[in-house]
Amino acid sequence: MASTNDLKNGTVLNLDGNLWSVVEFQHVKPGKGGAFVRTKLKNVLSGKVVDRTFNAGTKVETATVDKRDMQYLYRDGEDFVFMDSSTYDQINVSGATVGDAANYMLESQEVIVATHEGTPLYVELPTSVVLEITYTEPGLQGDRSTGGTKPATVETGAEIQVPLFLEQGTKVKVDTRTGDYLGRVN
């Protein structure tokens with residue numbers, strides 16, 4: 001158990017039998033009345049985001065979440081196989097749990113896998129990854145970086161928007177949170 005005064009971004013709470021991760025929190029002290037904590041919580045399993053308000057000092061149950069550095073090995077049907085970097089134990093994580101992270105994971109990439117009582121909750125990627133463009137329409141003479149964008153398929157199979165001048169075989173940096181193109185990598 002912890003007090004609402006101890007909340008931090010990323011803290012996982014156990015409310016009503018579900019696990020919720022704190023996305024944002026704000027301590028509010030109105031002119032009259034008691035102080036309270038306004039939070040934005042994300043359901044760890046479903047991804048649903050809700051706003052919830054607690055009175056200041058209220059006790060909330062925290063869940064112990066074990067975050068481990070793991071290496072993504074390969075895909076096994078619908079599952080993804082990860083190996084613990086320290087113990088070399090392998091675990092299977094369902095495709096639903098991995099979610100959109102699958103669009104930016106390459107084999108042998110280091111990721112963080114969060115588990116609660118042995119159940120994988122989510123996969124955390126680095127904020128950006130370097131991927132190679134496997135297919136995009138060829139650029140035309142006169143295409144410049146200040147112009148528009150075009151779709152490009154990267155080596156994981158995900159489709160992102162890139163500037164018109166980029167060609168197949170170019171390595172690009174991609175933001176894993178939004179899927180945005182961040183720049184070329186030499």
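Modeller: Let us start with Val123, which touches Phe82, Thr97, Val98, Ala101, Met105, Val111, Ile112 and Val113, leaving aside residues up to four places away in sequence; contact here means heavy atoms within 4.5 Å. Please keep in mind that this is a predicted model, where local features need pLDDT of at least 70 and side-chain atom pairs count only at pLDDT 80 or more, while totals for chains, interfaces and linings use all residues. Residues are numbered from 1 along each chain as its sequence is written, and side-chain values use heavy atoms, with hydrogens and water left out.

Val123 also belongs to the largest nonpolar core, which has 24 residues; Phe82, Val98, Met105, Val111 and Val123 are those with the most contacts inside it. A nonpolar core is a set of buried Ala, Val, Leu, Ile, Met, Phe, Trp, Tyr and Cys residues joined through side-chain atoms within 4.5 Å. Buried means under 20% relative accessible area, exposed over 50%, and partly exposed in between, using a 1.4 Å probe and protein chains only. The elements giving two or more residues to this core are β7, β8, β10 (110-116), β12 (128-136), β13 (149-154), β14 (159-163) and β15 (171-175). Strands such as these are DSSP runs (E, at least two residues), numbered from the N terminus. The largest share, 3 residues, comes from β12. A second, separate core of 9 residues includes Leu13, Val37, Phe54 and Val60. In soluble globular proteins, nonpolar side chains tend to be buried together.

Now for the aromatic rings. The structure holds 2 aromatic pairs. Rings of Phe, Tyr and Trp (its six-membered ring) pair if their centres lie within 6.5 Å; planes under 30 degrees apart count as stacked, over 60 as edge-to-face and the rest as tilted. Tyr72 and Phe80 make a tilted pair, 5.8 Å centre to centre with 50° between the planes. Tyr72 counts as buried because its relative accessibility is 5%, and Phe80 is buried too, at 3%. Tyr72 and Phe82 also form a tilted pair, with 5.6 Å between centres and 50° between the planes. Tyr72 lies in strand β7 (residues 66-76) and Phe82 in strand β8 (residues 79-84), so this pair ties together parts that are 10 residues apart in sequence. Phe82 counts as buried because its relative accessibility is 0%.

Technical notes
Helix = DSSP H or I, 4+ residues; strand = E, 2+ residues; numbered from the N terminus.
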